[in-house]
Amino acid sequence: MTGSPTQGIKTVLHPVSDLAKAKAVYAALLGISPQTDSSYYVGFEAAGQHIGLVPGGGPQGMTSPVAYWHVADIEAKLAELTAAGATVKEAAHEVGGGRLVATVTDPDGNVLGLLQDR
């Protein structure tokens, strides 16, 4: 394969039902306070990874954690994955600060996240 490279899983988002309770648990687990703390998203930066808490699964309707693979070219990686049999669940879109995200499902319905920082 000569596709676009991935930079590994660096971001994992978790849907939560009670943001305040989840924030306390993840702060205790990671031993730090969140770097992003709002009513719609709480994010922690720990050991080179980003751990995010999304109340109610957010607008994308997450029902389980989603690991985001960091990629150099999100559109190229989406094309490679769909050619290999994945289905686009959430097309690439900006979520702020030049960051693009997308999700696909593998043939078994597992959700895989893609993330590109510009």
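**Close-up views of a predicted model**

View 1. Ala67 sits in strand 5. Keep in mind that this is a predicted model. With a relative accessible area of 25%, Ala67 counts as partly exposed. Now find Leu114: Ala67 and Leu114 are 47 residues apart along the chain, yet their C-alpha atoms are separated by 8.3 Å. Strand 5 covers residues 66-71 and pairs with strand 1 in the antiparallel sense, over five bridges. In strand 5, Val66 is the bridge partner of Leu13.

**View 2. Strand 5 meets strand 8.** Here the pairing is parallel: strand 5 and strand 8 (residues 111-117) are joined over three bridges. What is the bridge partner of Tyr68 in strand 8? Look for Gly113, which is that partner. Asp117 also belongs to strand 8, and its relative accessible area of 42% makes it partly exposed. If you follow the chain from Ile74 to Asp117, you cover 43 residues in sequence, while the C-alpha to C-alpha separation in space is 9.3 Å.

View 3. Eight strands make up an open sheet, and their order across it is 2-3-4-1-5-8-7-6. The pairing in this sheet is mixed. As a reminder, strands of a sheet pair through backbone hydrogen bonds, either parallel or antiparallel. Which strands are at the edges? They are strand 2 (36-37) and strand 6 (87-96), each of which pairs on one side only.

View 4. Strand 3 (residues 42-46) and strand 4 (residues 49-55) run antiparallel to each other, paired over five bridges. Two pairs are handy to pick out: Glu45 stands opposite His50 of strand 4, and Phe44 stands opposite Ile51 of strand 4. Together strand 3 and strand 4 form a hairpin, with two residues between them. Ala47 is in the loop that joins strand 3 to strand 4. Its phi is near 50°, a positive value in a residue other than glycine. Is Ala47 buried or exposed? Ala47 has a relative accessible area of 85%, so it is exposed.

**View 5. Strand 4 beside strand 1.** Strand 4 also has a parallel partner in strand 1, with six bridges between them. One spot to look for is His14, which stands opposite Leu53 in strand 4. Why is strand 4 described as largely enclosed by the rest of the structure? Five of its seven residues are buried, so that is how strand 4 is described.

View 6. Helix 1 spans residues 19-30, twelve in number. From first C-alpha to last, helix 1 reaches 16 Å, close to the 16 Å expected at 1.5 Å a residue. Which residues of helix 1 are buried? Those are Leu19, Ala22 and Tyr26. The three cover an arc of only 65° around the axis, which means they are on the same side of helix 1.

**View 7. The largest pocket.** Rolling a probe the size of a water molecule over the atoms shows where empty space is left. The largest pocket has a volume of about 500 Å³. Its lining consists of 20 residues, and the ones nearest its centre are Leu13, Tyr41, Val54, Gln60 and Val95.

Definitions and conventions
Residues numbered from 1 in each chain as written. Predicted model: local features only at pLDDT ≥ 70, side-chain atom pairs only at ≥ 80, totals over all residues. Heavy atoms only, no water. Pairing = 2+ DSSP bridges. Helix = DSSP H or I, 4+ residues; strand = E, 2+ residues; numbered from the N terminus. 1 Å grid on protein atoms, 1.4 Å probe; cavity = no way out; pocket = protein on both sides within 12 Å on 5 of 7 lines; lining within 4 Å. Points joined across faces, edges and corners; volume = space filled by probe spheres on them. Expected span 1.5 Å × (residues − 1). Buried < 20%, exposed > 50% of the residue type's maximum accessible area, 1.4 Å probe, protein only. Arc of directions from axis to C-beta.
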